[in-house]
Amino acid sequence: MQHWLFKSEPATFSIDDLATATGKSTCWDGVRNYQVRNFMRDVMQPGDLGFFYHSSCAVPGITGIVSITSNAYTDNTQFDPGHVHYDADSKPESPRWLMVDVKLKRKLKRIITLDELREHHHRLKELLILKRGNRLSVTPLSSDEWNYILGLE
DNA sequence: GCCAACGTTGGC
DNA sequence: GCCAACGTTGGC
């Protein structure tokens, strides 16, 4: 089983939006980055777990745990000219962009902030979210990193 | 295939 | 709002 970190801007979609759909899956649409698409297509599997991370906000950090509930499948927003994630170059016969479904497993008891993760740099120095300039909206992390971060809760 | 320009991300 | 970092685009 793989572990992941999903970034989301809470002003657009927050942990509480995810919590509203308790028991139901939410499709993670809008990925328009090839590396992230390939993660979803080639590596991610139903049953994998992910941290839910708030970015571009007052207190960036990890706020919850999600489980992946589907394989990668076509993200139809790419074909919708009125959608912000419309991609005119993607053809229905060979869709360029995929998405997966995720479901909230639980909110963390408290937010594990970006500042706090940085304080544990010695143990988490390979964590992609901490690396300068990292912009991927979904990143993998090791089981060791996962367990260590959960231990901070 | 190179690389400058551009758009986006995200912490601050 | 600023700006550094990075992916993508497009001219050559």
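This is a predicted model: local features need pLDDT of at least 70, side-chain atom pairs count only at pLDDT 80 or more; totals for chains, interfaces and linings use all residues.
Author: Residues are numbered from 1 along each chain as its sequence is written, chains are lettered from A and ligands numbered from 1 in the order in which they are written, and side-chain values use heavy atoms, with hydrogens and water left out.

Reader: Why is Ser90 called buried?
Author: Buried means under 20% relative accessible area, exposed over 50%, partly exposed in between (1.4 Å probe, protein chains only). Ser90 has 5%, so Ser90 is buried.

Reader: Why is Val84 called exposed?
Author: Val84 has a relative accessible area of 76%, so Val84 counts as exposed.

Reader: What makes the Ser90 and Gln78 side chains a polar contact?
Author: A polar contact is a pair of N or O atoms within 3.5 Å; within protein, one must be able to donate a hydrogen and the other to accept it, and residues adjacent in sequence count only if both atoms are side-chain atoms. The Ser90 and Gln78 side chains are at 2.7 Å. The Ser90 side chain also reaches the backbone nitrogen of Arg96, at 3.0 Å.

Reader: Which residues are around DNA strand C?
Author: Near means that a heavy atom of the residue lies within 4 Å of the strand. Tyr34, Arg132, Gly133 and Arg135 are around DNA strand C.
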